[in-house]
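Subject: Structure for your review

Dear colleague,

Please find below the structure that I am handing over to you. My notes on the contacts and salt bridges follow it.

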Amino acid sequence: MDAPIVRFKQRNVLTKLGLTLHPDYAEFYVSGTRGNSTGFNFRYEMLPNAFDYRTHRPKDLFVTFSLMIVAPLSLFELAIHPRDSAFSLLGFMVFFGAVMCAIGYGLRRMPKREYTVLATPAGRLLIAQDRQHDAIVTELQSRRTAALKRAAVINPLEQPWREVKKFKWLSDEGIISEDDYQGYRALILASVEPATEKALDHGALH
Amino acid sequence: MARCIRMEPAVYSDGLTIVSQRSIAGGATFRFNERHLDYFGREWDFKAKYEEIVGPAHYRRSKTPDRPATLALMYLSGLAVVLLLRDHQPHYGPEGWHWFMRAVGGFIAVAVAICATIRYATHQEYTLVPTRSGNIVVVKGKQHDAIIAKLQACRLDGLRRLAAPNSANSPGEELAKLKWLRDEGAISDADFQQRCAAVAT
């Protein structure tokens with residue numbers, strides 16, 4: 001039976017993330033503040049192992065943003081109030097800037113800022129680390145496992161050693177057992193002619 | 001040179017080693033596990049298997065741009081211009097000239113001190129170690145050489161583990177792997193010959 005279609009929507013400050021899980025593939029899109037939207041589709045077997053998940057922390061701009069406001073403002077204040085004492089005005093602006101930076105530093109921890117990044121051949125899949133995060137990751141992993149299980153069949157058109165490597169990888173990923181792998185290996189290598197194998201060895205040695 | 005606060009590596013009973021590089025501009029934490037490295041960088045956290053870390057010949061070097069110091073200099077220049085324009089006291093003659101020179105000299109001294117401080121705090125040089133998951137950033141500080149040495153040692157250990165026969169490799173691929181491991185210095189010549197003989201049989 002096919003897996004049901006599941007939709008996840010996440011919002012991270014000003015960014016919207018959408019993930020629709022179809023039986024065979026998934027759709028991902030991300031839309032920003034300026035109406036720009038991008039996305040891609042990917043097959044579940046293209047997803048990386050949990051070991052290869054990465055965490056991305058976008059650059060913190062709250063403090064920089066505060067300073068970018070206060071610095072020109074102080075020059076503007078000095079220019080439009082020529083009669084006021086420059087030292088008191090600058091002192092006030094330094095205090096104001098410190099307060100703004102402190103507020104920015106405090107605010108940076110408020111929004112959900114971290115993403116789990118899954119690199120696929122089509123692009124980077126972003127999952128905001130919020131309440132839905134674990135459910136999305138679990139669902140993706142289960143669908144990846146199911147997709148890889150479907151791939152555990154011998155392809156007679158593929159080179160034998162490449163097929164052996166595929167089953168070794170599936171064994172390392174925990175999709176098939178070690179016994180299954182040995183069985184598939186024996187089956188595939190039974191079709192390899194010894195003469196071909198010897199020729200390959202000879203070529204590799206030199 | 002980066003301003004790193006030296007932290008002694010914490011070594012735990014299970015062989016886990018954690019090294020943190022802390023600096024004002026941000027440093028990374030390295031957790032050396034038995035088979036892989038956990039890297040906690042400024043923007044990226046990821047894991048890397050030791051055998052997938054490249055050798056020293058592929059390391060890259062980089063440094064942060066001095067943008068904060070440049071911006072501070074631009075701001076201070078703007079401030080100086082505004083302060084000079086709003087000064088309504090007439091400064092004519094030699095005294096006025098002396099006043100101007102003192103003001104300019106004072107400004108340059110203050111600007112240089114502020115910009116140098118900002119550059120000292122934010123400037124970083126680092127070594128980039130590329131991996132499949134991303135770049136490992138090692139800030140050039142007191143711990144730089146120790147971290148690089150540890151990475152290389154762990155890499156060699158990882159490569160030595162690769163020397164074990166892999167049933168998914170054809171004999172030819174197995175021999176090519178052993179040759180590469182010997183070239184990388186992971187196995188000795190004698191070990192290479194021994195393993196080659198084992199593969200050939």
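Within chain B, the side chains of Arg119(B) and Asp66(B) form a salt bridge, with N and O 3.3 Å apart; the term denotes a side-chain nitrogen of Lys or Arg within 4 Å of a carboxyl oxygen of Asp or Glu. This pair links distant parts of the chain, 53 residues apart: Arg119(B) belongs to helix 2 (residues 93-122), and Asp66(B) to the loop between strand 8 (60-63) and helix 1 (67-85) of chain B. Helices (H or I, at least four residues) and strands (E, at least two) are DSSP runs numbered from the N terminus.

Please note that this is a predicted model, in which local features need pLDDT of at least 70 and side-chain atom pairs count only at pLDDT 80 or more, while totals for chains, interfaces and linings use all residues. Residues are numbered from 1 along each chain as its sequence is written, chains are lettered from A and ligands numbered from 1 in the order in which they are written, and side-chain values use heavy atoms, with hydrogens and water left out.

Arg119(B) counts as partly exposed because its relative accessible area is 38%, and Asp66(B) does so at 29%; buried means under 20%, exposed over 50%, and partly exposed in between (1.4 Å probe, protein chains only).

A second salt bridge in chain B joins Asp191(B) to Arg195(B), at 3.2 Å from N to O. Both residues lie in helix 5 (residues 189-200) of chain B, four residues apart, about one turn of the helix. Salt bridges with shared partners also connect Lys179(B), Arg182(B), Asp183(B) and Asp189(B) in one network.

Turning to the interface, 34 residues of chain A are in contact (heavy atoms within 4.5 Å) with 28 residues of chain B. The two chains bury about 2700 Å² between them, 58% of it on carbon and sulfur atoms; buried area is the accessible area (1.4 Å probe) lost on putting two parts together, summed over both.

Three salt bridges are counted between chain A and chain B. One of them pairs Asp52(A) with Arg132(B), the closest N and O atoms being 3.2 Å apart. Another pairs Glu173(B) with Lys165(A), at 2.5 Å between the closest N and O atoms. This pair runs from helix 4 (residues 171-183) of chain B to helix 4 of chain A.

Over all chains, the whole structure holds 20 salt bridges.

With kind regards
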